[in-house]
Amino acid sequence: MILGAAIGTVACAPRLTKLPSGTGTPATDFAPVVAEATDACRRVQSLSAEIAVTGSIGGDRARVRLVAGFAPAAGRIEAAAPFGAPLFIFVASGADGTLFFPRDDRVVEHGRPAELLEAVAGVPLAAADLLPTM
């Protein structure tokens with residue numbers, strides 16, 4: 001009975017989209033189309049976000065919440081754990097960044113933001129790249 005229900009469910013499921021094969025041809029009007037589509041986003045002056053992240057750190061499973069705020073050439077990201085002190089707090093303005101690890105009582109002051117962010121997240125973004133990336 002369960003097998004029959006499973007087969008019936010699969011038989012009624014929508015077909016998967018078949019993607020075209022081959023190398024394709026690049027669109028000649030790509031740049032203006034992207035510029036038009038992202039015009040409203042380029043006018044954003046600040047952004048706050050809360051992002052749920054699940055993964056592993058040093059082989060241990062981790063679930064954190066990133067609470068972040070971004071402005072032109074500046075940003076703040078806090079990795080809030082389900083309990084206790086945050087895993088890290090990253091703050092950047094221009095070419096100056098600070099990375100604080102409250103649980104270890106360690107801090108890196110006046111570092112390059114791209115290097116600090118790469119150290120904790122694997123993504124080398126400068127302070128000026130944070131807002132447009134989000």
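In the predicted model, Glu50 and Arg65 form a salt bridge, with their closest N and O atoms 2.8 Å apart. Glu50 belongs to strand 1 (residues 47-57) and Arg65 to strand 2 (residues 60-71), so the contact ties together parts that are 15 residues apart in sequence. Strands (E, at least two residues) are DSSP runs, numbered from the N terminus. A salt bridge here is a side-chain nitrogen of Lys or Arg within 4 Å of a carboxyl oxygen of Asp or Glu.

The two partners fall into separate accessibility classes. Glu50 is exposed, at 57% relative accessible area. Arg65 is partly exposed, at 36%. Exposed means over 50% relative accessible area, buried under 20%, and partly exposed in between (1.4 Å probe, protein chains only).

The search of the whole structure returned 5 salt bridges. Among them is the pair Arg43 and Asp39, whose side chains meet at 2.6 Å, N to O. Arg43 is exposed, with a relative accessibility of 55%. Asp39 is partly exposed, with a value of 32%. Another salt bridge joins the side chains of Glu78 and Arg76, at 3.1 Å from N to O. Arg76 is partly exposed, at 36% relative accessibility.

Residues are numbered from 1 along each chain as its sequence is written, and side-chain values use heavy atoms, with hydrogens and water left out. Because the model is predicted, local features need pLDDT of at least 70 and side-chain atom pairs count only at pLDDT 80 or more, whereas totals for chains, interfaces and linings use all residues.

Methods: Helices (H or I, at least four residues) and strands (E, at least two) are DSSP runs, numbered from the N terminus.
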